[in-house]
Amino acid sequence: MAKQFASFHVSWRDAKIRPLGLFADERDFGRAAAAALQTRLNQLADEGWIIQDIIPSPGLTPKQTAAFTIVAFR
């Protein structure tokens, strides 16, 4: 049986509690991205996906680097 691969992008924008722009620092964006990543990983596990890689996004600012790409298969 062939494997079905997929990639999913998760960032701080996907978090339920987002940091406020002027008052947020890199820790706030990191916490929001980690919360969104944990939520998405739990959702993928419930759907039966097997996680192969979690790739952090490159960037220059905390808003750009607070994101991940998940590579999964089933």
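Entry 1: I began with F8 and W49, and I find both of them buried. A reminder to myself: this is a predicted model.

**Entry 2: the core.** Next I looked up the largest nonpolar core, which has 15 residues. F8 and W49 are among the members that touch the most others, together with W12, F29, L44, A66 and I70. Where do these core residues come from? β1 (5-11), α1 (26-47) and β3 (67-73) each give at least two. I note that α1 has the largest share, with 6 residues.

**Entry 3: around I70.** I then listed what I70 contacts, skipping neighbours within four places in sequence. My list reads A6, S7, F8, V10, L37, R40, L41, L44, I51 and D53.

**Entry 4: aromatic pairs.** How many aromatic pairs does the whole structure hold? My search gave 3. One of them joins F5 and F73, tilted, with 5.4 Å centre to centre and 40° between the planes. F5 sits in strand β1 and F73 in strand β3, so this pair ties together parts 68 residues apart in sequence. I checked burial for F73 too: its relative accessible area is 17%, and because the limit for buried is under 20%, F73 counts as buried.

**Entry 5: a charge over a ring.** Last, I looked at K3, and found it over the face of F73, 4.7 Å from the ring centre.

Technical notes
Residues are numbered from 1 along each chain as its sequence is written. This is a predicted model: local features need pLDDT of at least 70, side-chain atom pairs count only at pLDDT 80 or more; totals for chains, interfaces and linings use all residues. Side-chain values use heavy atoms; hydrogens and water are left out. A nonpolar core is a set of buried Ala, Val, Leu, Ile, Met, Phe, Trp, Tyr and Cys residues joined through side-chain atoms within 4.5 Å. Buried means under 20% relative accessible area, exposed over 50%, partly exposed in between (1.4 Å probe, protein chains only). Helices (H or I, at least four residues) and strands (E, at least two) are DSSP runs, numbered from the N terminus. Contact means heavy atoms within 4.5 Å. Rings of Phe, Tyr and Trp (its six-membered ring) pair if their centres lie within 6.5 Å; planes under 30 degrees apart count as stacked, over 60 as edge-to-face and the rest as tilted. A charge sits over a ring if NZ of Lys or CZ of Arg is within 6 Å of the ring centre and within 35 degrees of the ring normal.
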